[in-house]
Amino acid sequence: GASDELEEVEAELGKKEEDGPDASADDVESGAPRREPTRKASLLPPALVQSFTLTFLAEWGDRSQIATIALAAAKDPIGVTIGGTLGHALCTGLAVIGGRMLASHISERMVAFVGGGLFLIFAVVALVEGPDSAL
């Protein structure tokens, strides 16, 4: 499964790090000489950067952002900013805690099956209801 592949790749990467950068001078797939990537020193942890990017891109232009724009136009923008930030932080914090708890009890495979099953159920419901159904 996905976890087995991840473990295999991590083991392979660990072996390459142990062997050192000169262990294989060529890229196996293309045959071209391998260039070591230049890494910039980051002041921020990778998980912070990834979660920020994921959240920012996922939330950009969604209904909650549009509603926040409308609310800020009608009410105090500072209050809307603080309230929106606290609301999003609380929602994200609950998702992180809930996800952490679920991850300790449910396998990745089960999550994939349940998610896939729900997706198929939603697809069937959408087909049955048709495009003109009321939300």
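**Entry 1. Aromatic rings**

I take the rings of Phe, Tyr and Trp (its six-membered ring) to pair if their centres lie within 6.5 Å; planes under 30 degrees apart count as stacked, over 60 as edge-to-face and the rest as tilted. I worked on a predicted model, in which local features need pLDDT of at least 70 and side-chain atom pairs count only at pLDDT 80 or more, while totals for chains, interfaces and linings use all residues. Residues are numbered from 1 along each chain as its sequence is written, and side-chain values use heavy atoms, with hydrogens and water left out.

I looked up the aromatic pairs and found 2 in the structure. The pair of Phe-52 and Phe-56 is stacked, at 5.8 Å centre to centre with 20° between the planes. These two residues are 4 apart in helix H2, so about one helical turn separates Phe-52 from Phe-56. Helices here are DSSP runs (H or I, at least four residues), as are strands (E, at least two), numbered from the N terminus. The pair of Phe-56 and Trp-60 is tilted, because the ring centres are 5.3 Å apart and the planes stand at 35°. Through these ring pairs, Phe-52, Phe-56 and Trp-60 are linked into a cluster.

I then checked whether the three residues are covered, taking buried as under 20% relative accessible area, exposed as over 50% and partly exposed as in between (1.4 Å probe, protein chains only). Phe-52 is exposed at 55%, and Trp-60 is exposed at 57%. Phe-56 is partly exposed, with 42% relative accessibility.

**Entry 2. The chain**

I recorded 5 helices and 0 strands, in the order α-α-α-α-α along the sequence. Of the 135 residues, 1% are buried. The accessible surface, from the Shrake-Rupley method with a 1.4 Å probe, is about 12300 Å², and carbon and sulfur atoms hold 67% of that surface.

I also noted the pLDDT, the predictor's confidence in each residue, from 0 to 100. Its mean over the chain is 81, with 77% of the residues at 70 or more.

**Entry 3. The largest pocket**

I searched for pockets on a 1 Å grid over the protein atoms alone, a pocket being an open set of points where a 1.4 Å probe fits, with protein on both sides within 12 Å along at least five of seven lines; lining residues have an atom within 4 Å of a point. The volume of the largest pocket is about 500 Å³, counted as the space filled by probe spheres set on the points, which are joined across faces, edges and corners. The lining has 17 residues, and Glu-59, Gln-65, Thr-68, Gly-84 and His-88 are the closest to the centre.

Helices H2 (46-59), H3 (63-74) and H4 (77-103) each supply at least two lining residues; H4 gives the most, with 6. By class, I count 7 nonpolar (Ala, Val, Leu, Ile, Met, Phe, Trp, Tyr, Cys and Pro), 2 charged (Asp, Glu, Lys and Arg) and 8 polar (the others, Gly among them).

I looked at Thr-68 separately: this residue lies in helix H3 and is partly exposed at 36% relative accessibility. Thr-68 and Gly-83 are 15 residues apart in sequence, and their C-alpha atoms are 9.9 Å apart in space.
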